[in-house]
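Dear colleague,

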Amino acid sequence: MGTKYLLSILLLCAVCHVAQASSGFVTVNGRNFYLDGKKYFYIGTNYWHGMNLGAPSSGNQTRLTEELDQLQEYGIKNLRIMGSTQGPDNKSKRIVPSLEYEQGKYNEDIFEGLDTFLYEMGIRDMKAVVTLNNFWEWSGGFPQYFEWYKGHYNLYPTGFYKDSTLTSKLDDFIRVIINRENTAYKKYEGKTVLYKDDPTIMAWQLANEPRAGDCTDWVKWINHTSTLIKELAPKQLVSIGNEGTITGCSERGNHVENIDYITFHAWAQNWGWYSPHSRNGLNNGISRAQGYITSNVNLNKNRNKPMVLEEFGLARNGNSYDPASECDIRNDYYDGVFSKVYDFATDESLMSGANFWAYGGTGRPRSNGGWWKEGDDLIGDPPHERQGWYTVYNTDQSTLDLLKKWTTKFDELCQ
Ligand SMILES: *[C@@H]1O[C@H](CO)[C@@H](O)[C@H](O)[C@H]1NC(C)=O
Ligand SMILES: *[C@@H]1O[C@H](CO)[C@@H](O)[C@H](O)[C@H]1NC(C)=O
Ligand SMILES: *[C@@H]1O[C@H](CO)[C@@H](O)[C@H](O)[C@H]1NC(C)=O
């Protein structure tokens with residue numbers, strides 16, 4: 001998820017290993033993910049705020065566990081989450097409280113929120129893709145790194161990759177998070193579990209939508225960072241978190257050896273494929289999204305790695321921000337996207353999964369379409385977006401039923 005003010009820029013496996021059995025870790029072999037000896041396909045969701053919900057003091061653990069139960073009921077077993085947010089906590093349109101409230105200083109309440117979140121996912125057999133930073137400022141991210149370490153704010157921080165002062169700060173954080181001991185396992189089960197040994201963490205993701213400037217710098221950074229993560233956490237996977245062919249250099253990034261699987265995002269309204277004000281144009285929106293999936297698949301066919309559409313979403317009917325408004329247009333769009341991903345999944349595993357954006361569960365906007373401020377419920381729309389734009393709620397029964405239909409179909413492929 002970027003910003004809606006986006007500038008629109010815009011070998012085959014000869015000796016295949018037998019998939020690891022019963023490790024509980026998601027592994028990769030050729031174009032497939034495997035879990036406990038079976039192929040692993042999934043419909044997941046973006047649930048970036050779970051870390052904040054899980055926080056013992058500032059969060060709402062009741063809400064967190066209720067929502068994980070809801071997701072589980074509808075067959076959602078894979079969550080893409082934020083594992084990193086930066087302060088300072090007095091900036092507007094940011095996720096607060098942040099994890100890293102000042103340079104290199106972590107809010108233990110939020111870290112324990114991540115511990116609890118991962119623990120609660122683990123006991124439900126869910127898997128997490130943990131995003132380690134953000135190109136966009138809604139979580140602090142690279143723009144905040146520029147302010148902290150270079151003395152100026154940078155809202156389009158493509159200069160990040162070649163600046164070793166900045167990238168080494170991210171490396172420092174990666175060492176902290178990957179080696180962290182999960183306090184919730186200790187508390188509830190008396191067990192010592194380090195993040196790097198937790199099968200709940202399917203993958204570490206370099207950043208949310210790290211856009212390339214210079215391809216060579218970008219690829220070097222991907223290579224460097226993915227290699228570091230593999231050294232620290234060899235049992236877990238690594239992905240980039242990028243948007244795919246709409247931004248530059250994606251094929252070269254996907255080629256890097258330690259990038260285990262390929263990610264891309266599709267934003268029909270943000271990228272001008274569809275206007276939400278009427279049903280007219282929906283078919284065009286669906287076919288543009290399907291075309292985008294196809295072009296990403298085609299570009300990466302020869303890479304022989306799994307592929308996941310890890311973000312897509314749509315507004316409710318008429319672009320309404322009201323949780324009570326109809327959302328059948330969005331349902332039809334989801335159906336079109338899932339069916340295309342499913343077609344590729346059943347065609348030689350050319351796709352492995354898709355995450356809708358985003359689950360807000362029982363959270364509600366304080367004011368529909370207004371801006372988030374501290375104390376409001378966190379929902380699927382980050383603080384820089386109008387609240388209620390893309391969120392799926394626990395009361396969107398038609399959407400939840402549609403999700404159940406598709407999670408069941410994807411589960412049938414897991415064998
Ligand atoms: C926590 O979330 C639940 C909904 O699951 C809500 O009823 C409750 O009011 C929330 N608690 C606080 C302190 O916000
Ligand atoms: C925000 O916090 C930072 C330090 O955390 C401080 O330097 C700055 O003055 C604060 N800004 C405002 C507007 O309070
Ligand atoms: C990644 O780095 C390694 C070691 O420096 C190098 O051998 C390899 O060619 C690099 N891969 C890419 C795709 O640049």
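The notes below cover the sheet and then the ligand site.

This is a predicted model, in which local features need pLDDT of at least 70 and side-chain atom pairs count only at pLDDT 80 or more, while totals for chains, interfaces and linings use all residues. Residues are numbered from 1 along each chain as its sequence is written, chains are lettered from A and ligands numbered from 1 in the order in which they are written, and side-chain values use heavy atoms, without hydrogens and water.

An open sheet of 8 parallel-paired strands runs in the order β10-β9-β8-β5-β4-β13-β12-β11 (strands are DSSP E runs of at least two residues, numbered from the N terminus; two strands pair if DSSP finds at least two bridges between them). Because β10 (237-239) and β11 (262-266) are the edge strands, each with a single partner, one side of each has no neighbour in the sheet. From one strand to the next, the twist averages 25° (axes are lines fitted to C-alpha atoms, and angles run from 0 to 180 degrees between N-to-C directions).

Within this sheet, β4 (residues 42-46) and β13 (residues 353-356) are joined in parallel over 4 bridges, and threonine 45 is opposite phenylalanine 356 in β13.

Ligand 1 is surrounded by Asn60, Arg63, Glu66 and Thr362 (each with a heavy atom within 4 Å of the ligand). An oxygen atom of ligand 1 lies 2.3 Å from a polar side-chain atom of asparagine 60, and an oxygen atom of the ligand is 2.8 Å from a side-chain N or O atom of glutamate 66 (polar contacts are pairs of N or O atoms within 3.5 Å).

Methods:
A polar contact is a pair of N or O atoms within 3.5 Å; within protein, one must be able to donate a hydrogen and the other to accept it, and residues adjacent in sequence count only if both atoms are side-chain atoms.
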